[in-house]
Amino acid sequence: MIELDVNGRKHGVDLDADTPLLWALRDTLALTGTKYGCGEGLCGACTVLIDGVAQHSCQVPVSSASGRQIVTIEAIEADRVGKAVQAAWRRIDVVQCGYCQSGQIVSATALLRGNARPSDADIDAAMVGNLCRCGTYVRIRAAIHEAAKALGEHHA
Ligand code: FES
Ligand code: FES
């Protein structure tokens, strides 16, 4: 049994140590908000937070995620920054087909947790691992600025 801490809850999963975390989340724990895109670390659809860092869960062996705090899109709203990101996503109406978007939101949350006022270049650098076939990049950038602004105002 491998113990996983996902969205603040502990789960024992009976999987081979090298099974990608993505499959533990989707198939074993039925957290299907995290998407399978390429399985090769190239698209970002599978992005989750591991100890606060955005990571491609298709590339993380489940054994190495054990003992770390994993947060998926299902719980991102419990995070103050994640909640602001989702609200900005709705206000800007970012989503097109939606497939890439849970990964985009997770990566944007990680970015804003570390950088409260990212520049366009900061956003492009942080989001480079998240592809969007629908080309929503301009709205993603706008929504990240919008979320940064909203978070700043709450602090003021
Ligand atoms: S499915 Fe993990 S990066 Fe594409
Ligand atoms: S919204 Fe369709 S792939 Fe990004």
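In the hairpin of β3 and β4, two residues lie between the strands, and D51 takes a positive phi near 50°. Strands such as these are DSSP runs (E, at least two residues), as helices are (H or I, at least four residues), and both are numbered from the N terminus. The model is predicted: local features need pLDDT of at least 70, side-chain atom pairs count only at pLDDT 80 or more, and totals for chains, interfaces and linings use all residues. Residues are numbered from 1 along each chain as its sequence is written, chains are lettered from A and ligands numbered from 1 in the order in which they are written, and side-chain values use heavy atoms, with hydrogens and water left out.

Two strands are said to pair if DSSP finds at least two bridges between them. Strands of a sheet pair through backbone hydrogen bonds, either parallel or antiparallel.

Strand β3 (residues 47-50) is also joined to strand β5 (residues 69-71), by two bridges, and these strands run antiparallel. Here L49 has V71 in β5 as its bridge partner.

A further hairpin is formed by β1 and β2, with two residues between them; N7 in the turn has a positive phi of about 55°. Five bridges join strand β1 (residues 2-6) to β2, and the two run antiparallel. V6 stands opposite R9 in β2.

These strands belong to an open sheet of five strands, in the order β2-β1-β5-β3-β4, with mixed pairing. Its edge strands, β2 (9-13) and β4 (53-56), each pair on one side only.

W23 lies in helix α1 (residues 21-28). W23 is partly exposed, with a relative accessible area of 30%; buried means under 20% relative accessible area, exposed over 50%, and partly exposed in between (1.4 Å probe, protein chains only).

C46 counts as buried, at 3% relative accessibility, whereas C97 is exposed, with a relative accessible area of 57%. The count of disulfides comes to zero, where a disulfide is a pair of cysteine sulfur atoms within 2.5 Å.
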